[in-house]
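Colleague: Show me how you read a structure like this. Let us take it feature by feature.

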Amino acid sequence: MDVEKVTEVAPEVDDDGRVRTGTVWTATTHAITAVIGSGVLALPWSVAQMGWVLGPIALVGCAYITYFTACLLSDCYRSPDPVHGKRNYTYMDAVRSCLGPREVVVCGITQYTILCGAVVGYTITAATGIMSVVRSNCRHYKGHGADCSQEGTMYLVMFGVVEVVLSQLPSLEKVTFVSIVAAVMSFTYSFVALFLSAAKFASNHRADGTIFGSHIGGPGGVSAATRTWSFLQALGNIAFAYTYAMLLIEIQDTVKAPPSENVTMKRASLYGIGVTTAFYVSLGCVGYAAFGNAAPGNILTGFDEPFWLVDLANIAVVVHLVGAYQVYVQPVFACYEKKLRARYPDAAFFHRELALRLPGRRGALRFTMAKLVLRTAFVVATTVVSLMLPFFNAILGLLGAAAFFPLTVYFPVTMYITQAKVPRGSGKWVALQALNVGALVVSLLAAVGSVADIVQRLRHVTMFKTQL
């Protein structure tokens, strides 16, 4: 009787000594998870500001630009050759290799500003989610005519306290569970929002909304200034919903070869952005058809029943944002802590580790006084800013404006021009530079609209008093 020998195949080691197992499907999953976030909840409102013509065009247009520049960026994972060149492990590494140290400074400032702004937006959104849960329960049990107005200051502070505690834990970089939970939660509230919008649309027996969105003057109309600022702000919201470039290089670094990493990543970007766009257009248009020009800034706040499903979606938002906050803020912590430790090599404040034993945890929780004090101060500062600027849509619009031009368009386009040695003055060079200029104009207009909206809202709100 012959015995078949089973030979164990060793994993293939890449040129840098690492083993990568990622495929086009894992990269696609990461891409979808990276793109879909709380910004999706503002899409029906954004379409309402633009109308049935420009709204869908903006959604599809931003998607195409994101995909096109993602393809350019994927060629910069290796440099100077996109197939055989040296690997760049992060977005900033790619900028450093292709454009030099000066551009890295600009890229770093932009990235970390957006990360800090994102956690402010997440804090506001989480508090809105908690208030929505309390309000829907109130209306369900007391009747829809009951006074269920909510003040969110306490919820903002509660969210901040939770993040202060979580910020003292070790880096979440390698905790896969956090990413899985965030992905499940984001899909949960997104699909619930789409389902509720479709149900309301069906019950209306007609599609609400107008060709060009909210109208100026007359009954139910708005002023020309408000219409303009809202339109521009909606552009920023849609741009924010497609934020993807910051994470593309990191996702590509998980992909095995052959085929070459840039080929796999281009396919993953096509599939990921394609699925996301179909979902975004569906939710944006169905939500607008359901509510018309009265679409709320956060689509979930427009529903009270079935209260348990609305509660489920809002709880999913809060759980997602608890983890997402840490995912966004940990790179900020790592950046300034590394610089401070290097600058003060002998200071016990930055280097002496303290140990705290917690029940139910193996080993001790180790931290420095710098970590305890500075991380707490950072979370407190972002919470205070959230209390001062409790404007979900305006913050999203401003973040989208800040990220769209530099990170989604300018750096990928400029790196590609440099690495591919596109001749200056050629048709291709002119087209790519025109894309840069167009993206800059869109970002500036969206930023102006968001800032103007914030200024207008500050005239009618009380500081440190957040209401739904």
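Colleague: Where is the place of Leu54?

Modeller: Leu54 sits in helix 2, residues 43–74. Helices (H or I, at least four residues) and strands (E, at least two) are DSSP runs, numbered from the N terminus. The model is predicted: local features need pLDDT of at least 70, side-chain atom pairs count only at pLDDT 80 or more, and totals for chains, interfaces and linings use all residues. Residues are numbered from 1 along each chain as its sequence is written, and side-chain values use heavy atoms, with hydrogens and water left out.

Colleague: Is Leu54 exposed or partly exposed?

Modeller: Buried means under 20% relative accessible area, exposed over 50%, and partly exposed in between (1.4 Å probe, protein chains only). Leu54 has 35%, so it is partly exposed.

Colleague: Which residues form a nonpolar patch on the surface?

Modeller: Leu54 is one of them; Val53, Ile57, Ile211 and Phe212 complete the patch. Together they have about 460 Å² of accessible area. Such areas come from the Shrake-Rupley method with a 1.4 Å probe; for residues, only the protein chains shown count as cover. Patches are made of residues with over 30% relative accessible area and no salt bridge: like charges are joined within 9 Å, nonpolar side chains (Val, Leu, Ile, Met, Phe, Trp, Tyr) within 5 Å.

Colleague: Now charge pairs. How many salt bridges are there by this rule?

Modeller: Side chains of opposite charge can pair when their charged atoms come close. The rule asks for a side-chain nitrogen of Lys or Arg within 4 Å of a carboxyl oxygen of Asp or Glu. The count is two. One of the pairs is Lys266 with Asp75, at 3.2 Å from N to O. That pair links distant parts of the chain, 191 residues apart: Lys266 is in helix 9, Asp75 in the loop between helix 2 and strand 1 (78–79). Lys266 is partly exposed because its relative accessible area is 28%. Asp75 has 13%, so it counts as buried.

Colleague: What does Arg96 form a salt bridge with?

Modeller: Asp93, with the closest N and O atoms 3.1 Å apart. Both residues lie in helix 3 (residues 91–99), three residues apart, about one turn of the helix. An α-helix has 3.6 residues a turn, so residues three or four places apart point the same way. Arg96 is partly exposed at 43%, and Asp93 is partly exposed at 24%.

Colleague: How do I check a helix length? What should helix 7 span?

Modeller: The expected span is 1.5 Å times one less than the number of residues. Helix 7 (residues 224–241) has 18 residues and should span 26 Å; its end C-alpha atoms are 26 Å apart, so the values agree. Helix 12 has 20 residues and reaches 29 Å, close to the expected 28 Å.

Colleague: Which residues are buried in helix 12?

Modeller: Among them are Lys371, Arg375, Phe378 and Ser386. Helix 12 covers residues 369–388. Ser386 counts as buried because its relative accessibility is 0%. Contact means heavy atoms within 4.5 Å. Not counting residues up to four places away in sequence, Ser386 touches Val120, Thr123, Ile124 and Leu156.

Colleague: And Thr276? Where does it lie?

Modeller: In helix 9, residues 261–291. Thr276 is buried, at 0%. Leaving aside neighbours within four places in sequence, Thr276 is in contact with Ile32, Val35 and Ile36.

Colleague: Last one, backbone angles. Which residue has a positive phi although it is not a glycine?

Modeller: Lys421, at about 55°. Lys421 is in the loop between helix 13 (392–420) and helix 14 (427–458). With a relative accessible area of 65%, Lys421 is exposed.
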